[in-house]
There are 2 protein chains.
Amino acid sequence: MRESLSASSERVELRQSLRSQLLGLLETSQFEAAKSILSPAQPADIADVIESLPSHLQVVAFRLLSKNEAIQVYEHLESPYQEALLKDFKHPDVLEIFDQISPDDRARLLDELPAKVVRQLFQRLSPEERQATSLLLGYPPETAGRIMTPEYISLKEEWNVQQALERIRELATQIETIYVLYVTDDSRRLTGTLSLRDLVTAEPERLIREIMTAKAVAARTDTDQEETARIIQRYDFLAVPVVDVENRLVGIVTVDDVLDVLEEEATEDIYAAGGVQSQGDDYFSSNLMTVARKRVVWLFVLLITNTLTSGVIHSQEDVLAQVIALAAFIPLLIDAGGNVGAQSSTVVIRGLNTENIGPEQVFSIIRKEGLAGILLGVMLGAVVTVWAYLLQGDGLVAVTVGLSLFCISVLAALAGAGLPFLFKRMNLDPALMSAPFITTAVDVLGVAIYLGIARALLGVGEA
Amino acid sequence: MRESLSASSERVELRQSLRSQLLGLLETSQFEAAKSILSPAQPADIADVIESLPSHLQVVAFRLLSKNEAIQVYEHLESPYQEALLKDFKHPDVLEIFDQISPDDRARLLDELPAKVVRQLFQRLSPEERQATSLLLGYPPETAGRIMTPEYISLKEEWNVQQALERIRELATQIETIYVLYVTDDSRRLTGTLSLRDLVTAEPERLIREIMTAKAVAARTDTDQEETARIIQRYDFLAVPVVDVENRLVGIVTVDDVLDVLEEEATEDIYAAGGVQSQGDDYFSSNLMTVARKRVVWLFVLLITNTLTSGVIHSQEDVLAQVIALAAFIPLLIDAGGNVGAQSSTVVIRGLNTENIGPEQVFSIIRKEGLAGILLGVMLGAVVTVWAYLLQGDGLVAVTVGLSLFCISVLAALAGAGLPFLFKRMNLDPALMSAPFITTAVDVLGVAIYLGIARALLGVGEA
């Protein structure tokens with residue numbers, strides 16, 4: 001069994017076989033054997049397996065873990081399962097585990113529990129853990145203060161390397177990361193950082209002051225979690241220190257949390273682009289009414305847009321009535337326009353969100369997208385003109401359609417590139433705000449352009 | 001200046017002031033002063049500042065850096081700037097830096113250079129770096145083999161902690177990470193892993209065999225880069241070992257690279273949802289024709305869908321001609337349907353891509369989305385019926401519109417939830433494939449449903 005577990009399918013199979021073995025052993029009460037198959041597995045895998053067990057066996061399986069394993073497995077459980085185990089919190093084991101998980105994981109869990117349960121749990125926490133947790137819960141959600149851990153190793157400038165290494169050895173078992181170290185003065189102000197690597201490669205007698213990096217990059221407690229993540233990503237850090245307004249070190253955010261933050265933010269952006277409101281990743285635990293409520297607002301916003309479009313068409317019905325052939329191309333025109341607009345806004349919104357586009361690039365990007373709109377409009381317009389002629393056999397209708405598509409493409413590209421900048425400037429989320437306005441611009445103006453051109457070219461509607 | 005740099009705006013200001021100071025000093029040839037303002041800055045910031053300098057000063061600024069700084073800064077430069085500096089590669093300094101950057105960064109850069117330049121550069125690499133780089137370039141793009149670094153620390157099972165720590169101290173300055181350590185046997189097969197923390201907290205006399213984790217989670221050289229990233233994310237690793245088919249350790253992928261991989265994959269998914277083809281993050285360096293080429297394929301695919309829709313409308317023109325009022329609601333129906341479908345597919349595609357949805361959930365999710373479609377369809381249909389009646393004053397037309405919207409919502413939700421599973425099963429990218437097919441289903445079938453209901457309810461079209 002000294003094989004490493006490589007491909008994803010192998011890992012899935014491993015979990016499935018672990019699950020079925022464990023289930024068999026638990027149902028026949030062979031607890032020692034169950035213990036021995038759990039202990040070589042990874043905490044994340046054990047958590048998955050426990051979640052998949054029938055609920056009366058989840059607690060049983062969890063109790064088989066050693067205390068250290070239990071803490072790690074608990075941190076990997078999804079919050080409904082964490083809650084379910086806590087319901088059992090008259091049991092001293094579970095309470096002890098709750099006391100020992102990282103303060104940031106605990107704060108996240110407490111956020112989701114009913115206030116009454118939170119109060120009861122708080123009373124049972126050890127005083128120092130209670131303090132650490134209250135500290136985190138005092139910061140607004142989605143800030144560095146909320147996702148940081150108040151556990152880190154701090155050193156003093158006047159220590160030497162030897163002393164620092166001893167200090168690390170003492171704390172190594174309790175602290176989340178020992179690879180990044182922070183130097184503070186007597187009032188806990190952050191004066192520098194260094195890595196365990198710097199210590200390991202330095203002469204034992206050298207002072208921390210001499211080998212530390214003095215100008216530390218830090219987040220503030222109120223720095224947005226996504227921005228905090230971007231600091232770690234930009235500088236290839238393993239953790240970033242979090243300071244308060246007086247530059248006192250209050251915690252650190254580690255790279256493993258940042259992976260989850262960036263994924264959560266990407267999901268939010270993707271959901272926003274798809275018209276789904278997201279607050280946290282709870283689609284799978286939320287019921288049908290919640291799912292519907294989160295979508296219906298957006299649908300009604302777009303419905304208003306569409307009623308405007310219908311209104312425009314309704315007011316120009318005389319044109320359609322005279323040349324009914326025009327009606328067949330309305331979906332094509334607004335869909336194609338919508339697509340061109342979506343392409344431009346996708347690139348701009350993603351660039352703004354990943355900080356690859358700065359506000360100073362507004363004109364160069366609108367220009368580039370406008371030119372792309374012209375180019376795409378010419379190609380699409382030409383093809384559609386030919387196709388419309390083949391379908392209807394009316395040259396003027398075909399030219400009307402092609403020319404309209406060209407105008408709509410340019411309009412859509414400009415709106416798609418420009419509106420996200422506008423919303424960013426107004427401090428609104430471009431991912432959320434852009435789509436309805438782009439759709440409105442393209443649909444309402446698009447139909448108006450189309451019927452306007454028809455009126456002019458075909459000479460209809462002069463009642 | 002012992003302040004830490006917290007908010008994003010402060011960091012931007014810092015870079016701007018660094019840039020203007022540096023520019024002033026370089027233009028007046030005060031090189032020593034320029035050196036001294038560069039040396040306390042972070043490599044990522046120096047890279048940004050160098051990129052913003054006029055091109056003739058970029059090389060000058062780069063040359064001011066110490067060799068170690070230069071290597072780190074070089075790794076942070078965008079590839080066009082890396083190339084520009086390499087053009088200068090007759091200069092021995094630049095070549096030496098190219099020899100010393102990480103093999104994975106070098107492989108990424110060589111990918112983008114013309115073949116002739118790559119050949120010349122290869123000849124000038126030191127034999128071992130040449131070998132390391134060829135190794136990486138031998139694996140397909142976007143695999144663990146391609147993004148790994150072949151530099152890692154391997155230990156032997158029979159060593160004790162003391163010996164291992166000495167080995168690490170020797171290698172610490174040359175190796176990308178010293179915090180995760182790998183245990184291999186005599187044929188380089190991976191037998192276990194441990195962390196520097198495990199070593200630091202263990203008794204000096206204990207054997208590696210006793211303290212290592214024997215069942216190592218590993219990626220294979222051909223594991224997809226996104227899957228490799230998900231392993232690190234799932235297990236909260238700092239790095240994951242990469243093994244070949246015979247379980248021999250060939251490299252490691254570190255968490256900092258994984259942050260970039262996950263961001264790149266999220267961008268790809270977002271672009272795909274927005275109908276933009278993406279290969280790498282080169283929007284800002286690519287010219288207009290490339291931008292247009294990457295979008296036009298998608299637009300033509302959707303145009304074909306739309307020609308089908310137009311065809312349906314064209315074939316049913318008799319209905320529209322008799323009740324022209326119906327035309328006003330076509331954009332509303334297909335847009336609302338498209339939105340409902342996009343919401344369902346967004347949630348399912350994101351779930352599949354982040355591995356939060358497994359293939360076994362296909363029926364429960366289609367059921368949930370189908371019910372959401374019914375619920376949303378009832379709400380939208382009711383509102384639209386009222387509104388259509390207010391606009392047109394015709395009860396039967398209003399009912400036709402409302403009933404059609406209900407049917408289209410259900411259809412769209414089912415297509416949006418089901419098609420991504422289908423494409424996943426066919427090993428096609430659901431993010432790329434779903435939208436055109438959902439649009440086709442909603443538009444073509446939607447219009448057919450609408451005009452069919454109209455024919456039935458309004459009793460028109462019986463020519």
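In this predicted model, strand β2 of chain A, residues 180-184, is joined to β3(A) by five bridges, and the two strands run antiparallel. Two of the facing pairs can be named. Leu181(A) lies opposite Leu194(A) of β3(A), while Val183(A) has Gly192(A) as its bridge partner in β3(A). The turn between β2(A) and β3(A) makes a hairpin with five residues between the strands, and Arg188(A) adopts a positive phi near 65 degrees there.

In general, the strands of a sheet are paired by backbone hydrogen bonds, in a parallel or an antiparallel sense. In chain A, three strands make up an open sheet with the order β1-β2-β3, and its pairing is mixed. The edge positions are taken by β1 (154-155) and β3 (190-195) of chain A; each has a single partner strand, so one side of each lacks a neighbour in the sheet. Is β3(A) mostly covered or mostly uncovered? β3(A) is mostly covered, with five of its six residues buried.

At the level of the whole chain, chain A is split into three parts: domain 1 covers 9-138, domain 2 covers 154-271 and domain 3 covers 288-458. The residue ranges of the sheet strands β1 (154-155) and β3 (190-195) fall within those of domain 2. Between the centres of domain 1 and domain 3 of chain A, taken over C-alpha atoms, there are 51 Å.

The model also contains chain B, which meets chain A. In this interface, 99 residues of chain B are in contact with 99 residues of chain A. On the chain B side, the largest share comes from helix α17 of chain B (residues 288-315), which supplies 14 residues. By residue class, the side of chain B that touches chain A consists of 59 nonpolar, 22 polar and 18 charged residues.

How are the two chains related? Chain B is superposed on chain A by a rotation of 180 degrees with 0.0 Å of shift along the axis, at an RMSD of 0.1 Å. This is the relation of a two-fold axis. The interface can be compared between the copies as well: 100% of the interface residues of chain B are interface residues in chain A too, so the copies meet through the same surface.

How values were computed:
Residues are numbered from 1 along each chain as its sequence is written. Chains are lettered from A and ligands numbered from 1 in the order in which they are written. This is a predicted model: local features need pLDDT of at least 70, side-chain atom pairs count only at pLDDT 80 or more; totals for chains, interfaces and linings use all residues. Two residues are in contact if their C-beta atoms, placed from the backbone, lie within 7 Å. Helices (H or I, at least four residues) and strands (E, at least two) are DSSP runs, numbered from the N terminus. Ala, Val, Leu, Ile, Met, Phe, Trp, Tyr, Cys and Pro count as nonpolar, Asp, Glu, Lys and Arg as charged, and the others, Gly among them, as polar. Two strands pair if DSSP finds at least two bridges between them. Domain bounds come from an automatic or database domain assignment. Copies are superposed by least squares on the C-alpha atoms of residues with pLDDT of at least 70 in both. A residue is buried if 20 or more other C-beta atoms lie within 10 Å of its own, exposed if 12 or fewer, and partly exposed in between; C-beta atoms are placed from the backbone.
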